Amino acid sequence: MATYLEFIQQNEERDGVRFSWNVWPSSRLEATRMVVPLACLLTPLKERPDLPPVQYEPVLCSRPTCKAVLNPLCQVDYRAKLWACNFCFQRNQFPPAYGGISEVNQPAELMPQFSTIEYMIQEDDLQALKESLQMSLSLLPPDALVGLITFGRMVQVHELSCEGISKSYVFRGTKDLTAKQIQDMLGLTKPAMPMQQARPVQPQEHPFASTRFLQPVHKIDMNLTDLLGELQRDPWPVTQGKRPLRSTGVALSIAVGLLEGTFPNTGARIMLFTGGPPTQGPGMVVGDELKIPIRSWHDIEKDNARFMKKATKHYEMLANRTAANGHCIDIYACALDQTGLLEMKCCANLTGGYMVMGDSFNTSLFKQTFQRIFTKDFNGDFRMAFGATLDVKTSRELKIAGAIGPCVSLNVKGPCVSENELGVGGTSQWKICGLDPTSTLGIYFEVVNQHNAPIPQGGRGAIQFVTHYQHSSTQRRIRVTTIARNWADVQSQLRHIEAAFDQEAAAVLMARLGVFRAESEEGPDVLRWLDRQLIRLCQKFGQYNKEDPTSFRLSDSFSLYPQFMFHLRRSPFLQVFNNSPDESSYYRHHFARQDLTQSLIMIQPILYSYSFHGPPEPVLLDSSSILADRILLMDTFFQIVIYLGETIAQWRKAGYQDMPEYENFKHLLQAPLDDAQEILQARFPMPRYINTEHGGSQARFLLSKVNPSQTHNNLYAWGQETGAPILTDDVSLQVFMDHLKKLAVSSAC
Amino acid sequence: MVGSQGPQPPPFPMEPTMAQYQAISKHPPKVCQEPHLPQGHLQPQQHRLLVARLHMASLAKEMYRMGQAPLFRCKGPPTSLASASGSFPNSGLYGSYPQGQAPPLSQAQGHPGIQTPQRSAPSQASGFTPPASGGPRLPSMTGPLLPGQSFGGPSVSQPNHVSSPPPQALPPGTQMTGPLGPLPPMHSPQQPGYQPQQNGSFGPTRGPQPNYGSPYPAAPTFGSQSGPQPLPPKRLDPDAIPSPIQVIEDDRNNRGTEPFVTGVRGQVPPLVTTNFLVKDQGNASPRYIRCTSYNIPCTSDMAKQAQVPLAAVIKPLARLPPEEASPYVVDHGESGPLRCNRCKAYMCPFMQFIEGGRRFQCCFCSCINDVPPQYFQHLDHTGKRVDAYDRPELSLGSYEFLATVDYCKNSKFPSPPAFIFMIDVSYNAIRTGLVRLLCEELKSLLDFLPREGGAEESAIRVGFVTYNKVLHFYNVKSSLAQPQMMVVSDVADMFVPLLDGFLVNVNESRAVITSLLDQIPEMFADTRETETVFVPVIQAGMEALKAAECAGKLFLFHTSLPIAEAPGKLKNRDDRKLINTDKEKTLFQPQTGAYQTLAKECVAQGCCVDLFLFPNQYVDVATLSVVPQLTGGSVYKYACFQVENDQERFLSDLRRDVQKVVGFDAVMRVRTSTGIRAVDFFGAFYMSNTTDVELAGLDGDKTVTVEFKHDDRLNEESGALLQCALLYTSCAGQRRLRIHNLALNCCTQLADLYRNCETDTLINYMAKFAYRGVLNSPVKAVRDTLITQCAQILACYRKNCASPSSAGQLILPECMKLLPVYLNCVLKSDVLQPGAEITTDDRAYVRQLVTSMDVAETNVFFYPRLLPLTKSPIESTTEPPAVRASEERLSNGDMYLLENGLNLFLWVGASVQQGVVQSLFSVSSFSQITSGLSVLPVLDNPLSKKVRGLIDSLRAQRSRYMKLIVVKQEDKLEMLFKHFLVEDKSLSGGASYVDFLCHMHKEIRQLLS
């Protein structure tokens, strides 16, 4: 099956697409029996240094309902200058002087508009944040428009163009305003001037008004730096036993309204920096009484979270508006306690914004993460794109069931839209307001071909992904990816289909479905659903004798899948125990937008072992891997943990690494650090970096992740002295697998 | 007129008609001569009081003593007169003196129609002659009357004053200069009923005064002499009717020289127009409290009969002349001021200590309270505490207590107050240069914020807001390099965007503030915004004070009708057609309730609002002034403001307004002894219940008029007591209580009431009453009410106190002889009878101004002062004697200054000497004088210096700067000027003094018949 692996990898390299199934069952009935839906992970803006944009308009299929883009899969009649659409079979004329082309990018002439709205909080580490923001100014292209809104008890929109007195518009933090009101109050609405027919209208009037708040960086660099420099803590006194009043909801609403009025449908980021939960006004998450703690999962289950529903509704409304305007909202929440990410998550989730959670703005976690947003690609452009729409077209045997990722539905109900929804469905187009080269959507399909209408041998299904987006260089671009896969009849060609199963993609796609469900359903229900899917998959594709668990076998292309599911069940995406609602939201947010590799790391963290016995090697994520003479490096995506085994820790304590004769020990200690550094450099958001050792309090990060093959319950049963027992009642992978086998072979199920 | 019984034809034989009025006035004026008083009894204060009053009283007394039949046709039983131990009512008779028996009248000049009994100190006939000038004109009268002079020509003086002896004539001088100390005790114990006004009554007991030695040589004047008079009058001679000028002059001469000592209960103080010093000996100075009457009828029946309003005009924080000490501050430590347990009255000189000083009986409610040990003191043999003179609260009429925390809001001592300057920066304000001017001025003005006592710098913090249809707040924190502007456009739901840095100490933030004030005019220089908001501005200021947890004052500089979309948005509803309809009242009512609601909130926060208006057109003063009015603030209006013309006036007002001492977050309570109680209040304040007057701010100019009604019988012995307690926060943030006490007499005789009235105070009350009335009733009804009330007062007097006389005679009480002329002025004032040129805004403006005026202000406001400039010698440093406000009194060869506290005119006669024109205006002829000129050129000659000096001194006397307008005779502007000649018929239909007097007489007759 090496060929399939290669094929999958190639495809991912080239198109940024990975399908759960690479050979498709040819009928609806069969497809549903495959358990794992036909779906793909699409990374629309996968970096392709080798792919220069093409300076032409794409050629579209002329059928109004189709409008697929000319692609390599189309049949082209060069002589007749015709091409047949491979989706609707419409025959189209070529425009003059046009050759076949695989991918078309067309710059659209638009005003350079890339704007950033920055928000600030009033916290003790305000200073650190100010520095970060000032730094960020230097990273922005000079013609980027920026604005500044600060909030605490009040919300201030700073006017950036004024000289002398610094000027800001202030809004009450407790009152929600409509976009119209905001624009009126900011003086952005054009004064209803009596029509002056004869005279030309003064053109400078309008842009002038709106640019009071949004100015090119190069113009107001100094101004803004001064402004940031003079920012003080919220001057309103905070009485003992109260939380500071924070009007996040209104601040966001104003930012959204401001951009809505000034630059609709132009790429823009709203960056929310908050140092605590919203405590007043619409979108408040917790009251200002300190003695009443912010809601926990427990409260939510008990329906005790007073403000949650209302706040969520407020932020959802904002997120939808933002998305409709093609802007995105980033949330940078740095505080020791929760900041209301649970309620605000949709702002980032629906708009493709970033969500960063840290303890303080003064940590490298925040600083570097923030800096990383402004990194540039090989062309010197920001790794971000705005206002993208993803249009998916399928050949007629397929329909689109939905998508899961940082997107919102555009509600385009074409002929290729399925009635069964998986994720955000009911549409063939989604809007992704902000995306970067790693943003990945899971897109789910449904095979609709009827069982009695066999597809001719060698028939291929095709899917076209058309992504319109605004490149950070302000160009409008279109990226078109067309892929095709073979159909196969399940009856006769099950082996083919099996072999073409991409268990990694399938695991991630299923996980996304699970997490998506977890947002709205009870945790145990989701787990049960996942279990049932797994069992059914094993029943379908396992080889076994009925009622004989020991006879159960899975082929290579499925062998890892149950293990993924095991770890997924334990992951913070589905388990809320020990996580605050904010943390859960944070983890889920990232899970829904990272590409396959990162997602897999999230599901099943990677564990490397360093020892004197050989080169570093990946080891099982199992308690048996925790050995005294090893150094472990675990990457969970959110955390990088370096763990020194008991002996190693003692050695280090004894200071062997400083002795010249033990230089190799020093190297050993250094090796995981270097590797960790490498990961830290590349990862966004910057992971929490934990350096711990046997018995250290932070070791819990490792212990909670590994498969508890040895626990206080079975320590002696296994009879081995190696490894470290985990104090948990969680089932181990072995127990899990045993049960799975039992259930899979059971005919009762 | 003259004696009713006599041979003389009654002056008003029938219904007075115009013709008759004219006839009346043909009578030659008569001079009454009175009996003499033993001057030895005249208290200095009493002297100054009203010399004129004495005259008739003593005359009557004298006659009575002589066992003659009652001379006066008093309806009251003679016994009552007798019971007053000869204190004859100082009733005045207009010309209706019994002739035959009247020995007192020294001269045969019949009085025409009218006479008032004279209050003036008795003097001899010979003493009264006006100065040699002897002309019929008033001015001549104003010269000092020398004792030795005989009464001059018959027509010389005004009737009222005819008989009034020149004060100088009175030897009492010797007495007066003598130690005053003993006096009060002398009088009070012996003759409690006697009040100073009744000095005359002492006459008989003490024997004739030197000057009155020749008792009644001139007595025949009364009526008897009038017999010979030729013809019934054809026209009422203006000189024959009571002259305000004369009354003022007399009082000034008689009572202006010696201090007014407040030790005695029920003394009538000198007139407000008189300069006098006050010595507090247990009653509050008249600068703090003036009453309509210092002798209150014992029963409500009497009070109802008399219809004389019982009211006190209280100015709790009145400014005192430098010679008088401001109230002592008493600190009772943690226990706080000592109060009656039941009625909560504060310790005062009238509290009676008993049981050797262990207890005291409340003088207000008679409750007996224990004296706390730390306050105990022994009593002396008179029952007085030994330490009475060491304790202000036991010996003075006015004093202050330091309040304890119990007297503070939220049981927390207040923080120092704040001033917030809120500046309209809309197009109009910028265009007129107002903003620039104001900002420039503020820079220096901020150094003169009011401060307490010897404090080095003011504790008051300042803040700044500018606005058009949005508000701009400024952060002027001292640590900032530049001020920061914060715009709040959510005017529908106002809030304060910042706390820290908004209200700052001037010295600490000076650099930032200066920078701000420099930049404000620049920032808005190009503004096109013409719309403004109003309510949100005040709300913002109030919220700012609330956030800072302090009281304070907003200075609002506003230009136009607030038509921008916001709470309190107004529309132009000016409609002159409503005048004289039932809907006229709506012109005075606020357009919406938003303003009252806001004002209430302001009061709760102790936020006082001063409003400076600069309108070019209608701004609806009636609505805009609601908040200042209810918060104890002031309104200033500069119509069609132009920097060149109005700068001085505005800046002067602003400076005074900012610098004046203000009490904040005040509550005033007036307690009274059993029998009467305060029932109605007039002024700039808010009341949430019926007893507490709440004042967000109270300055030294603001006055509260309080009306009292009986709820029980009063006792002549114990009199009636008032205690006004004002709890306020000083400008340094100290919580204090200011207490004013006043004891009044009570009477069972109406005559005593009429003898102890004060017309100026009455007018103050009646004007305020009427001006409030226009809010609810048609103006005509209000006017009629006033006339009716006046007629009733006078009719009651005539019926009960005056000697019987022909119905055709108009008899006025001495103390009220000016009531008709003043009342007429009120009736024809702009509010009650608007002229064509008076805008709705002007009326509303004046209406609210009058509401908080004190007696002196209402006096001059309704009856303006008209000062001739060239009559008196140029060297004389005193103000020239005023002339009556009538065109007839103007000589076209002279120039006059006219002022009423708001306006100042310089009227130049057409034939004024060229030299005078030259030396004053620096132009060669009358024709070259610029009409409407507002500044006199500064010239180095005596006349110019004198006139300018006079103008300056007039301005200094008034709480608002009066802009000068030069008016030339026969010029267009003269119409404006003539409006203030209140004795004449006004263009808007206001009656002349003479006509009104006749009308009043008619009314009285109707009531009597």
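Trainee: Is S366(B) buried, partly exposed or exposed?

Mentor: Buried means under 20% relative accessible area, exposed over 50%, and partly exposed in between, with a 1.4 Å probe and protein chains only. S366(B) has a relative accessible area of 41%, so S366(B) is partly exposed. This is a predicted model, in which local features need pLDDT of at least 70, side-chain atom pairs count only at pLDDT 80 or more, and totals for chains, interfaces and linings use all residues. Residues are numbered from 1 along each chain as its sequence is written, chains are lettered from A and ligands numbered from 1 in the order in which they are written, and side-chain values use heavy atoms, without hydrogens and water.

Trainee: Where does S366(B) lie?

Mentor: Helices (H or I, at least four residues) and strands (E, at least two) are DSSP runs, numbered from the N terminus. S366(B) sits in the loop between β9 (359-361) and β10 (368-370) of chain B. Its phi is near 65°, a positive value in a residue other than glycine.

Trainee: What is phi at E547(A)?

Mentor: E547(A), not a glycine, has a positive phi of about 60°. The loop between β22 (543-545) and β23 (548-553) of chain A holds E547(A). With 48% relative accessibility, E547(A) counts as partly exposed.

Trainee: Which residues does a cis peptide bond join?

Mentor: The cis bond joins F684(A) and P685(A), with omega about -5°. P685(A) is in the loop between α20 (663-682) and β28 (688-693) of chain A.
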